[in-house]
Amino acid sequence: MAELRNPWRRFLARPNSDRTKTVGIALIVAVVCGLCISTTSVLLRPLIAVNVEADRQGRMSAMLAGLPGIGAILAQAGADAVEAVIIDLDQGRIAEDLDPSGFDQAAVAADPSTSTALARAEDLAGIGRRENFAQAYVVRSEGERALVVLPVYGNGYQSTIRAYLALEADLATVAAFTVYEQGETPGLGARIAEPAWQAQWAGKSVSRDGEIVIEVVRGSSAGDETEVDGISGASVTGYAVTDMIHFWLGPNGFGPWLDRLRLEDQ
Amino acid sequence: MFEHLRTVTDPLVDKNPVTVHILGICSALAVTTSVATALTLSLALIVVLTLAAGIISLIRHHVPSAIRLIVQITIIASLVVVADQLLQAFAYEMSQRLSVFVSLIATNCIVLGRTEAFALQNRPVPSMLDALGNGAGYALVLLVVASIRELFGSGTLLARPVLPLVADGGWYEPMRLMLLAPSAFIILGLLVWAIRSLRPGQQEAREFAPLPQQRQVQP
């Protein structure tokens, strides 16, 4: 019985009804399966990230191309018309020393030295910490600003909602609102990703007398230019979208930069 | 050899998991709006099922019967997660179209059914052949349903136009019903009826006989 000295063989030789063997097999199967999944996940993560990024870019180009007037500018000037800028959110100015091509906003947001903890009362978007530098896009036509695209995100009902808010040259009129990532309840909150719902944002005004007032209302907006129809059964998602836009257009978001742009215009 | 061939070909029609055992209907309804999605999901299922059957058959002597279902589901679910990740990495757009249904292969009754009923009792090679056959049987039904739905629902096959649409100046008005889930039920039902009419051996025995006509009793 020399081979039974080997603990592995002794383990396998136990009867299948044995408790030690049952627990042991369960453990081995769990560990091996866990290892397989983690390995694939780690190996494939960069590839998947590239795909997600390409998808995001595609949605942004599709959104821009679909806007009246902007599609023509893009067709004329090509992709060069879209200028990526990094905004220093505290200073409200473009951070010239940062290169937009290698900018990783997720890493900036995760690093405590380049992000700011938000007090509960300020944290409308429910994001906890806000990065000090954020990417934005400016579309120019013959040197003049035609469009400003702000990536916004915030906590929804059960997921992080990420979207692009495109403002026209007056920085008050919404040109488009496109949700590119969300995991809200299918059929209810997830309808914020539907083109039909997003289409009502075009032409709405985000502010009145310099104050951000745009709101996703419950029920029908009755044609008010600062209100967007909410989705029945998705009130919380609606509040979340309102709050995240208020946050990102407000003093802790892109507000200081937009104010500076308005001053420069005068 | 001939026997092995039978293991693969039997589940295509005679023991088809979908039309005979009526398994895996959920995904058969959901992903058959176009041939491309049906084909991708079928391939994913065949790969997962074959590998799961092989692995489970290899360790079949050492799976305690008290936890055999959990062990099988763990292995199947891990393979499904890996397949899903591979799809996301190499066919991102397709994985977005299939959304949750790749992950739901783990709950597809065909997979657990074959590993529990066959792979746990048989050697690896016949188990994998059986799995391959059942996967192919599932794929066959999916492709038939998907071809009909895509052809009449959008006038295309594999996204190539076949019937010229009215919208593009042709004569074919697409049937919107074909793009909705109920149409898959109807097509699947007709398919089961057609196969059972051609092969009466597949008809199930009545579970109960209808009551004999009661004679009217005069008071």
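Of the 219 residues of chain B in this predicted model, 37% are buried. The secondary structure of chain B consists of eight helices and two strands, arranged along the sequence as α-α-α-α-α-α-α-β-β-α. The C-alpha trace of chain B extends over about 75 × 60 × 40 Å along its principal axes. Among contacts in chain B with a separation of 6 or more, 73% join residues 24 or more positions apart.

Chain A was assigned two domains, domain 1 (2-44) and domain 2 (67-265). The centres of domain 1 of chain A and domain 2 of chain A, taken over C-alpha atoms, are separated by 51 Å.

The contact between the chains involves 19 residues from chain A and 17 residues from chain B. On the side of chain A, the largest share is contributed by helix H2 (residues 19-66) of chain A, with 16 residues. By residue type, the side of chain A that touches chain B comprises eleven nonpolar, six polar and two charged residues.

The largest nonpolar core contains 48 residues, of which Val48(B), Ala52(B), Ile75(B) and Val102(B) touch the most other members. At least two residues of this core are supplied by each of H2 of chain A and, in chain B, helix H3 (35-58), helix H4 (68-90), helix H6 (109-119), H7 and H8. The most is given by H3(B), which provides eleven residues. Apart from neighbours within four places in sequence, Ile75(B) contacts Val29(A) and Cys33(A) from chain A, together with Ala52(B), Ile55(B) and Ile56(B) from chain B. A second, separate core is made up of 47 residues, including Val148(A), Tyr153(A), Ile192(A) and Ile245(A).

Buried positions in H8(B) are Ser183(B), Ala184(B), Ile187(B) and Leu188(B). Viewed down the axis of H8(B), the buried residues fall within an arc of 130 degrees, so they line one face of the helix. In general, an α-helix has 3.6 residues a turn, so residues three or four places apart point the same way. The buried residues of H8(B) pack against helix H2 (25-30) and helix H7 (124-154) of chain B. The face of H8(B) turned away from the buried side carries the exposed residues Pro182(B), Gly189(B), Leu190(B), Trp193(B) and Ser197(B).

Terms used:
Residues are numbered from 1 along each chain as its sequence is written. Chains are lettered from A and ligands numbered from 1 in the order in which they are written. This is a predicted model: local features need pLDDT of at least 70, side-chain atom pairs count only at pLDDT 80 or more; totals for chains, interfaces and linings use all residues. Helices (H or I, at least four residues) and strands (E, at least two) are DSSP runs, numbered from the N terminus. A residue is buried if 20 or more other C-beta atoms lie within 10 Å of its own, exposed if 12 or fewer, and partly exposed in between; C-beta atoms are placed from the backbone. Two residues are in contact if their C-beta atoms, placed from the backbone, lie within 7 Å. Domain bounds come from an automatic or database domain assignment. Ala, Val, Leu, Ile, Met, Phe, Trp, Tyr, Cys and Pro count as nonpolar, Asp, Glu, Lys and Arg as charged, and the others, Gly among them, as polar. The arc is that of the directions from the helix axis to the C-beta atoms. A nonpolar core is a set of buried Ala, Val, Leu, Ile, Met, Phe, Trp, Tyr and Cys residues joined through C-beta atoms within 7 Å.
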